[in-house]
Every structure is written in structure tokens, then in C-alpha cells.
Amino acid sequence: MRTEPWSPCSGPCPQGNPETSAQEQDLLTSLKDCLKDLLTVVCCPLCGQTIEDRHPREAFCPECRQHLSLPSRGLQGIHPCRWTAAGWYEGNLRNLILQLRRYPDLRLLRAVSDGIGAALPEHAVLVPIPGWKAGARSNPLPTMICRSLQQTTQSLLKRSRPTIGQHHLNRQQRLTNQRGSFVVESGISVAAGVQNPGERQVELWLVDDILTSGATARAAMDALMGQGMTVSGVLCLGRTPMRRTR
Ligand SMILES: [Zn+2]
């Protein structure tokens with residue numbers, strides 16, 4: 001290999017670079033491939049293993065997806081309202097959602113939300129449902145799910161009064177607990193078309209981490225509909241299985 005300083009060529013080499021042998025060419029090619037792999041390698045955010053099958057969005061490896069029982073395009077249903085969820089709120093997915101509430105991690109959240117994103121209409125406008133706890137104790141997930149979906153988001157709602165924890169309430173008690181607990185934030189400019197979807201193809205979707213009886217979503221919808229807005233449905237990470245929906 002030459003060690004002296006290079007001097008500029010006076011013209012192009014007639015047969016390529018005469019100093020690069022076929023062996024060196026091979027070495028350069030494999031080095032280039034290696035660098036390309038290093039720059040584009042994708043790791044699963046849960047187990048850290050390299051994902052062979054490249055995916056345009058951040059996603060789990062097939063094993064972790066199976067471990068969490070995550071369908072590739074999420075789950076959809078119409079009871080108690082139209083909804084799309086990443087998966088059922090049970091087993092390993094339930095544990096992960098509870099972990100994310102305590103230790104929010106946007107990369108993990110992007111991977112969990114992947115199926116919801118795949119099913120989301122192009123012109124959807126997301127509205128996070130604010131939690132009932134205030135300050136540092138508030139649930140960060142609804143807002144973070146919106147961020148992870150990288151979709152137009154409008155924080156239109158706020159809590160008008162505190163509600164009680166719902167773990168031990170049945171559906172009717174939950175409806176009573178949540179009724180009238182949201183108001184539409186004043187002074188927020190609502191995107192053109194949100195209040196009149198006929199003029200433009202806009203779909204307003206509520207976003208929460210868990211959908212159980214739908215009482216919270218119902219109260220949030222009532223507040224928006226009271227202001228003339230139409231809500232298409234609810235997006236959530238986990239949908240409580242019907243047998244546990246009281
Ligand atoms: Zn994995």
C-alpha cells in the first residue's frame with residue numbers, strides 16, 4: 001500500500017483503479033455491506049434481538065409479538081362503542097401496559113401501538129382522554145400513545161371534577177361515576193372540519209390506554225358531542241376481555 005502523500009491524477013485511469021486488486025474489491029464490498037447492516041440494523045425493543053424481517057415502523061420481533069398476543073393489525077369491535085386495540089388486556093400485554101404506566105418508554109409504546117397505527121384512518125385526529133389523577137400521579141399513557149402514533153393530536157378534553165377509582169365498580173356504577181366528568185377545553189382552536197366532518201374527511205378518535213366498560217370513553221364522547229363534534233371511536237392499547245367487563 002502506498003504511504004507517500006497522494007498527488008492529484010492528471011486524468012481518469014483507463015481501466016479503473018490499477019492499485020485495487022480483485023481481492024481488495026471483494027474486501028471493500030463486504031466492508032460496505034457490513035457498514036450498511038450496522039447503520040440499518042433493527043433490534044426488538046423488548047428482547048433486544050435483531051429483527052431480520054425489516055419493518056417500516058418500530059415493532060417487536062415475531063417471538064415477542066406472540067408472547068404479548070399482539071395481532072398485526074390490532075383488534076376491532078363495536079361494543080360498548082367502536083374501538084381499536086393493540087390486543088386484549090390480559091396476560092403479558094396487561095403486565096407490559098401496567099409497567100408502561102409506571103415507566104413510560106416511547107420505543108416500547110411505539111411497538112405496542114404498531115397494530116393500532118396500521119388500522120388507523122389516514123385523516124384521524126386523536127384526542128387523548130385525560131386521567132383523573134393530577135400532576136405527577138397522572139397517567140402519562142394517553143398522550144404518549146398519541147405521540148407514538150405520530151398522528152395529528154388535539155388535547156380537547158379536561159376533567160371537570162374528580163372521579164373515584166373504578167376497579168370495584170360495575171358498569172352502571174362506572175357510568176354514574178364518569179357522567180359529566182369531562183369538559184371541552186376552552187380557547188383551543190379545533191382543526192377545521194372537526195366540528196363539521198361533512199366538509200372534510202376528518203375522524204376524531206379518543207385515545208386511552210385501557211378500555212373496559214367504556215364509561216370513561218362515553219363521558220368523554222358526550223362532552224365532545226355536546227360541542228357539536230362527532231367521535232368515530234376509541235383507540236386503546238388493551239381491551240378488557242368481555243368476560244371481565246362488568
Ligand atoms: Zn423480541
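Predicted model: local features only at pLDDT ≥ 70, side-chain atom pairs only at ≥ 80, totals over all residues.
Trainee: Where does Gly214 lie?

Mentor: Strand S6 covers residues 203–211, and helix H7 covers 215–225.

Trainee: Is Gly214 buried or exposed?

Mentor: A residue needs 20 or more other C-beta atoms within 10 Å to count as buried. Gly214 has 22 such neighbours, so its class is buried.

Trainee: Which residues is Gly214 in contact with, leaving aside its neighbours within four places in sequence?

Mentor: The C-alpha atom of Arg171, 43 residues away along the chain, is 8.4 Å from that of Gly214, but this is a C-alpha separation. Contact is judged on C-beta atoms, with a cut-off of 7 Å. With the sequence neighbours set aside, the contacts of Gly214 are Pro80 and Cys81.

Trainee: Why is strand S2 largely enclosed by the rest of the structure?

Mentor: S2 spans residues 83–88, which makes six residues. The strand is largely enclosed because the number of these that are buried is five.

Trainee: Which strand runs antiparallel to S2?

Mentor: S2 is joined to strand S7 (residues 231–239) by five bridges, but that pair runs parallel. In the S7 pairing, Gly87 stands opposite Gly238. Three bridges join S2 to a strand at residues 75–77, and this pair runs antiparallel. The strand asked for is S1.

Terms used: Residues numbered from 1 in each chain as written. Helix = DSSP H or I, 4+ residues; strand = E, 2+ residues; numbered from the N terminus. Buried ≥ 20, exposed ≤ 12 C-beta atoms within 10 Å, placed from the backbone. Contact = placed C-beta atoms within 7 Å. Pairing = 2+ DSSP bridges.
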